[in-house]
Amino acid sequence: MEAILKHFPNLTEVQKEQFRQLDVLYHDWNEKINVISRKDIDSLYTKHVLHSLGIAKIQPFAPGTFVLDVGTGGGFPGIPLAILFPETRFYLIDVIAKKIKVVQAVVDALGLENVKAEQIRAENVKGDFDFIVSRAVTNMPDFVSWVKTKIKKQHKHELKNGILYLKGGDLTEELKDFPKATLYDLADYFEDEFFETKKVVHLPLKFTI
């Protein structure tokens, strides 16, 4: 929790309390439904919450932004981002029902009114979004094929509308067909060694009819 306050010092008291509650909520739910690996649950704030918030370091979301979180699992990166940006609308999806059950329970406990959670495949999502976020659910070519028709036409951020993807390791081969992709090293923002190989990939996607 200290790392969250250090890197995001302008949180409101409500936001601070919501971030604090994540620890109890995820420990409790993880005992019932395993959505975070046992070895990672005690590093929740570094490996899940702060990692998710790496996207905010690359592109803060303006009020009224629509964000789709594909393969959200236990709610990452969507829930930490929804706490940080209460005026942004987040749609968290996963194909696994029990994971969405946990997400919905956490959302309800935190009182997050800017989050919708649903068990659905990305290909079946209706509507369009400013950004589509995810944490390494699949390789980039497959991911793009799922979401390429779901991008809003009008841009209102410094970065163009498209994908903001949390990935690690050497992405040279995976991104070879995406020359417009830009990689941001999270080690430039967070000092913990966990972030040494972690990146945010921004891939602008053109609006298609």
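Predicted model: local features only at pLDDT ≥ 70, side-chain atom pairs only at ≥ 80, totals over all residues.
Local features were required to have a pLDDT of at least 70, side-chain atom pairs were counted only at pLDDT 80 or more, and totals for chains, interfaces and linings used all residues. Residues are numbered from 1 along each chain as its sequence is written, and side-chain values use heavy atoms, with hydrogens and water left out.

Helices (H or I, at least four residues) and strands (E, at least two) are DSSP runs, numbered from the N terminus. Strand β1 (residues 66-70) pairs with β2 in the parallel sense over five bridges, where two strands are said to pair if DSSP finds at least two bridges between them. Within this pairing, Phe-90 of β2 is the bridge partner of Val-67. Strand β2 also pairs with β3 in the parallel sense, again over five bridges, and Glu-118 of β3 is the bridge partner of Ile-93. Five of the six residues of β2 are buried, so this strand is largely enclosed by the rest of the structure. Here, buried means under 20% relative accessible area, exposed means over 50%, and partly exposed lies in between (1.4 Å probe, protein chains only).

In the loop between β1 and α4 lies Pro-77, which is joined to Phe-76 by a cis peptide bond with omega of about 10 degrees. Most residues other than glycine have a negative phi, and most peptide bonds are trans.

Helix α5 (residues 97-110) has 14 residues and, at 1.5 Å a residue, should span 20 Å; its end C-alpha atoms are 20 Å apart, which agrees. The expected span is 1.5 Å times one less than the number of residues. Buried residues of α5 include Ile-100, Val-103, Val-107 and Leu-110. These buried residues are covered by elements including α2 (13-32), α4 (78-84), β2 (89-94) and β3 (115-119), with contact defined as heavy atoms within 4.5 Å. Just after α5, Gly-111 takes a positive phi of about 70 degrees.

The largest nonpolar core holds 52 residues, of which Leu-22, Tyr-26, Phe-61 and Ile-79 touch the most other members. A nonpolar core is a set of buried Ala, Val, Leu, Ile, Met, Phe, Trp, Tyr and Cys residues joined through side-chain atoms within 4.5 Å. At least two residues of this core are supplied by each of α2, α3 (44-58), α4, β2, α5, β3, β4 (131-135) and β5. The largest share, eight residues, comes from α3. Leaving aside neighbours within four places in sequence, Leu-22 is in contact with residues including Tyr-45, Ile-79, Val-106 and Leu-110. Another core, of 23 residues, lies apart from the largest one and has Ile-120, Ala-122, Phe-143 and Leu-175 among its members.

Met-140 lies in helix α6 and is buried, with a relative accessible area of 1%. Met-140 and Ile-163 are 23 residues apart in sequence, and their C-alpha atoms are 9.7 Å apart in space. Beyond neighbours within four places in sequence, the contacts of Met-140 include Ile-163, Leu-175 and Phe-178.

Two buried polar residues were also examined. Asn-161, in the loop between α6 (140-147) and β5 (162-168), is buried with a relative accessible area of 0%. A polar atom of the Asn-161 side chain lies 3.0 Å from the backbone oxygen of Lys-152. Lys-167 is found in strand β5 and, at 11% relative accessibility, counts as buried. The side chains of Lys-167 and Glu-174 are joined by a polar contact of 3.0 Å. A polar contact is a pair of N or O atoms within 3.5 Å; within protein, one must be able to donate a hydrogen and the other to accept it, and residues adjacent in sequence count only if both atoms are side-chain atoms.

Lys-167 is also in contact with Ala-136, a residue of the loop between β4 and α6. Ala-136 has a positive phi of about 45 degrees although it is not a glycine, and is partly exposed, with a relative accessible area of 43%.
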